Amino acid sequence: MLKYMLVNKLIQENRIDGYKIVGASCHEANAFVGIDGSSLFDRRFEIDCDLGMDNTLSYQDSFKWYDYDERKAYNYKHSEDDYLLDTTDRNLNGDDDESDEAWDEYHQRYCTETRVCYMQGREIEVDVDDLEDFNYISSCGDYYHHDDTVCCDWCEGYCLTDHSVYSEITEEYYCCEQCREDAESSHKENYWHYSEYDKAWFEDADELTEIHIWNPQEEDYRSQTIHVDTVESLMENGQAGCFEDEYYDLLDPETGLPLNYSDDTNAYEEEHEYATVEEAV
């Protein structure tokens, strides 16, 4: 009665378009009908079915034929190598008693001990002494198949490929944002060029030029690297000037010359004038 009630409820909610016959003949693998009662006797059905060789089986009267490689069960004989699930055995090997050996599902052999590993998102038992195809991910505390993992180029630890982060700068994968940031910083220090004024790294050296910054304590200019776009912005806003193809953050507002230019020029002119008088004498 409960089975009939379940079927009727599923039909009312449009969740199914067919079901297995309840009652007599239900043990037959092809005893399916449509919701209108029409026979689906000649239809072939399959379901996803992920069974390990040592998984305990329960009685299966519909999808009796199991393809271990395809991980599917069928309501018809699918191939000569199908396992039959219509009897209750301990596992696919037919063992009905406890065995001292463990079944390595990955390598398809018996071994002394297995541990749970992960492959394509599912659990799989693997020989603890033969984990070469699996990488340990410390953050998860488990082994994952190498096809599902990537090695962090910075800390050299493994992480799941789906959880890794990619750097457009180094063109490598990393296990976390911190490793990516550290790797990018190191890459910039080794291969990029630093703008002292902008306090930033730039990939192309042609992007940088120099600007003379006035130091009032020393009454002299100090040169700093600066990005060419920054210089242009400073020039447009009147915060920098250009003299003889060199950039200055501060020029003499009256003469448009560098602040220490007049003194040097006068000294040069006086010395040159003195030398001319001497020559004349």
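The model is predicted: local features need pLDDT of at least 70, side-chain atom pairs count only at pLDDT 80 or more, and totals for chains, interfaces and linings use all residues. Residues are numbered from 1 along each chain as its sequence is written, and side-chain values use heavy atoms, with hydrogens and water left out.

**Salt bridges**
- The whole structure holds 14 salt bridges, each a side-chain nitrogen of Lys or Arg within 4 Å of a carboxyl oxygen of Asp or Glu.
- One of them joins E105 to R122, with the closest N and O atoms 3.5 Å apart.
- E105 lies in the loop between β7 (102–104) and β8 (109–111) and R122 in strand β10 (residues 122–127), so the pair ties together parts 17 residues apart in sequence.
- Strands are DSSP runs of E, at least two residues, numbered from the N terminus.
- E105 is buried at 8% relative accessibility (buried means under 20% relative accessible area, exposed over 50%, partly exposed in between, with a 1.4 Å probe and protein chains only).
- A network of salt bridges links D50, R71, E105 and R122.
- E218 pairs with R222 in a salt bridge whose closest N and O atoms are 2.4 Å apart; E218 is partly exposed at 44%, and R222 is partly exposed at 49%.

**Strand β2**
- V33 lies in strand β2 (residues 32–34) and is buried, with a relative accessible area of 10%.
- The C-alpha atoms of V33 and K20 are separated by 6.4 Å, although the two residues are 13 apart along the chain.

Note on methods:
Helices (H or I, at least four residues) and strands (E, at least two) are DSSP runs, numbered from the N terminus.
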